[in-house]
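Open the model in your viewer and keep the selection panel at hand. We will go stop by stop.

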Amino acid sequence: MAHALSLAERGRYTTSPNPRVGCVLVRDGQIVGEGFHARAGGPHAEVHALRQAGERARGATAYVTLEPCSHVGRTPACAPQLAEAGVARVVTAMSDPNPLVAGRGHRLLREAGVEVSEAIAPAAARALNPGFVSRMERGRPWVTVKLAQSLDGRSALASGESQWITGAAARRDVQFLRARQCAVLSGIDTVLTDSARLNVRLSADELGIEGEVRQPVRVVLDSGLRLPPFAAIFDAPGPIWIYTRDATEGVQHEALVQREATLIEAPSAAGLGMDLEFILADLAAREVNEVLVEAGAKLAGAFVAAGLCDELVVYQAPVLLGHQARPALALPEPAGLAEASRWEIRDETRVGDDLRLTLRPSR
């Protein structure tokens, strides 16, 4: 199963909106077939493993990181194919949270006479697919807020100058972070001020994948529809979705549609302009698993303050900008330290001269 989990990780940049899945077939103590799901619409991990094993799959044990699917989607269901190949036993790391499967794959296998051992490594399997699990169980994507800040928690000088607080190694590392996402989200002010493009700028070779680089959807929150059709974001590859308070037709609307942007109307909300919970639910309905928020202090802070941030990735540079510089997050002050928002450090890694911290909300 550990090997199957490592195989599944190889699809980290390519499988969305499908989950990352690995499969290993073992017979008489030897691996006879293995595979991972690489791209939506392509063969699933089980199919790759069965093809590699051929007749040696008969009587084998299949170790799969996710319950084999039982429904026909872009590809045929995997559970019947495992049974038809004569696999004697299937061991899964976790059950599939997708309502279209949710135990049906295990049941189908048992009814076909296949021995099933399920949910033997659920924590490791869930960690592979936080966005897919979140979309299925909570109806919203997994949200990561990325920050680049100084030692004193500042993201820009008082003048707005911010390029560059962190070094080249940290900025390159962000490209790998973007590549894992279904969507990269920002606010209109950041997109305009920074001439942001929000795309992945690494090649397939740099990502270690075959085929084309999958570009995340660039999501812009633009309540007043101020994004001009000549903005830099249109010069980079990848779809652009604009959430706005009024998506009705007009000159600006038509100009953006001509640039192949998708305009989506979102309800208003106090303080920020648009309802973040609605936007996340709508993104989930559009099969977005993971969202990376790269935004200014106000919008990034809004996700954190609303409890909609599942993970913080902070690139901290060894530089001090002073108390008049702009903060990385705009948050309301707690009534006391006991009410302060607390986070657990899950990882700390040196990236060039900077430090990358990965944090989750403290329990």
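**Stop 1: the cysteines.** Select Cys-69 and Cys-78. The sulfur of Cys-69 has its closest cysteine sulfur in Cys-78, 3.7 Å away, which is too far for a bond. The cut-off for a disulfide is two cysteine sulfur atoms within 2.5 Å. Searching the whole structure turns up 0 disulfides. Next, select Cys-309: it is in no disulfide, and its nearest cysteine sulfur, in Cys-182, is 17 Å away. Cys-69 is buried at a relative accessible area of 9%. Cys-309 is buried too, at 4% relative accessibility. Buried means under 20% relative accessible area, exposed means over 50%, and partly exposed is in between, with a 1.4 Å probe and protein chains only.

A note on what you are viewing: this is a predicted model, where local features need pLDDT of at least 70, side-chain atom pairs count only at pLDDT 80 or more, and totals for chains, interfaces and linings use all residues. Residues are numbered from 1 along each chain as its sequence is written, and side-chain values use heavy atoms, with hydrogens and water left out.

**Stop 2: the sheet.** Switch to cartoon. There is an open sheet of 5 strands, ordered E2-E1-E3-E4-E5, with mixed pairing. Its edge strands are E2 (30–36) and E5 (115–117), each pairing on one side only. From one strand to the next, the twist averages 15°. Helices (H or I, at least four residues) and strands (E, at least two) are DSSP runs, numbered from the N terminus. Two strands pair if DSSP finds at least two bridges between them.

Zoom in on E1, residues 22–27. E1 pairs with E2 in the antiparallel sense, over 6 bridges. Select Cys-23: opposite it stands Gly-35 in E2. H1 lies across E1, E2 and strand E3 (61–64), and runs at about 145° to E1. Axes are lines fitted to C-alpha atoms, for helices over the stretch in contact, and angles run from 0 to 180 degrees between N-to-C directions.

**Stop 3: the loops at E1.** Select Ser-16 and Pro-17. The peptide bond between them is cis, with omega near 5°. Pro-17 sits in the loop between H1 and E1. Then go to the loop between E1 and E2, where Asp-28 is found. Asp-28 is not a glycine, yet its phi is positive, about 55°. Asp-28 is exposed, with a relative accessible area of 72%.

**Stop 4: helix H2.** Select residues 45–53. The buried residues of H2 are Ala-45, Glu-46, Val-47, Ala-49, Leu-50 and Ala-53. Their cover includes E1, E2, E3 and helix H3 (78–84). Gly-54 follows H2, with a positive phi near 60°.

**Stop 5: rings.** What does the aromatic search give? The structure holds 1 aromatic pair. Select Tyr-13 and Phe-176: their ring centres are 6.4 Å apart and their planes are at 50°, so the pair is tilted. Rings of Phe, Tyr and Trp (its six-membered ring) pair if their centres lie within 6.5 Å; planes under 30 degrees apart are stacked, over 60 edge-to-face, and the rest tilted. This pair links distant parts of the chain, 163 residues apart: Tyr-13 is in the loop between H1 and E1, Phe-176 in helix H7. Tyr-13 is buried at 9% relative accessibility.

Jump to Trp-241. Arg-286 lies over its face, at 5.7 Å from the ring centre. A charge sits over a ring if NZ of Lys or CZ of Arg is within 6 Å of the ring centre and within 35 degrees of the ring normal.

**Stop 6: helix H7.** Select residues 168–179, which hold Arg-178. Arg-178 is buried, at 8% relative accessible area. Leaving aside neighbours within four places in sequence, Arg-178 is in contact with residues including Leu-198, Pro-216 and Glu-294. Contact means heavy atoms within 4.5 Å.

With the same exclusion of neighbours within four places, Val-174 is in contact with Lys-146, Glu-294 and Tyr-315.

Leu-198 is buried at 3% relative accessibility.

**Last stop: helix H12.** Select residues 297–305. Of the 9 residues of H12, 7 are buried, so the helix is largely enclosed by the rest of the structure. Among them are Leu-299, Phe-303 and Val-304. Just after H12, Gly-307 takes a positive phi of about 75°.
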